[in-house]
Amino acid sequence: MLLSLKHVSKNYQIGETVIHALDDISLTVKEKEFLAIMGPSGSGKSTFLQVASMLAEPSSGEVLLNDVAVSAYNEVQRAHLRNKQIGFIFQSFNLLARTTALDNVLMPLLYAGVDTNSASAKAKAKEMLSRVGLSDRLGNNPAQLSGGQQQRVAIARALINDPSLIFADEPTGNLDSKSGEDIKKILQDLNREGKTIIMVTHEEDVAAIAKRQIVFKDGKIVSDHKS
């Protein structure tokens, strides 16, 4: 199994009040699946993404990636694992503003200790940008790109380390409808090519492109069905 959550809870304390953001969640994800995580604001879907992607530790329970209990890792170990095996696509793109599209895509390689000035590293980044239709935008910084183009740079960046799992957090949320359709098609193509994708969205038409829809409410899974 690629990803497993076993009886995972995540609690936050605000003053004397304990918020149960995730309440005893158990879930498995197979290789090549495409999941949409849905639910109202405060349902736990964003907390699920943070815990499942190892950006946050669970309060209890286990998270396993490729049958390894990664929830027991320290932050340095989790950061290394995220960089090697997980790709992230965010609603706000999270690109470096004064950095070219090419150099933004190279960043995960830099964190992995790769010489990003090498011909092989640059060739790989160019290949990723070409894959998302931006081979003519290598030298542009984010301010010179549309929202849809910025999100495609972010997707190229997510792909450069050939991750086994991609998390997408509201990937079309800041885009116009045409750009949103372009991103949906790229995600579908990636899944057809064998990438496992877990996508958080509140938009039903976006969730419909996934092969499995999971609905959260009050920190629990209330629905899990395949389309």
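Strands here are DSSP runs of E with at least two residues, helices are runs of H or I with at least four residues, and both are numbered from the N terminus. The model is predicted, so local features need pLDDT of at least 70 and side-chain atom pairs pLDDT 80 or more, while totals for chains, interfaces and linings use all residues. Residues are numbered from 1 along each chain as its sequence is written, and side-chain values use heavy atoms, without hydrogens and water.

Two strands count as paired if DSSP finds at least two bridges between them.

| Partner of β3 | Sense | Bridges |
|---|---|---|
| β8 (residues 196–200) | parallel | 4 bridges |
| β9 (residues 212–217) | parallel | 4 bridges |

In β9, Gln-213 is the bridge partner of Ala-36.

Buried means under 20% relative accessible area, exposed over 50%, and partly exposed in between, with a 1.4 Å probe and protein chains only. One side of β3 holds Phe-34, Ala-36 and Met-38, the other Leu-35 and Ile-37, and all are buried.

Across the 227 residues of the protein, 50% count as buried. The secondary structure comprises 7 helices and 10 strands. The radius of gyration is 18 Å, close to the 17 Å of the globule rule for 227 residues, so the protein is as compact as a globular protein of that length. This radius is taken over C-alpha atoms, and the rule is 2.2 Å times the number of residues to the power 0.38.
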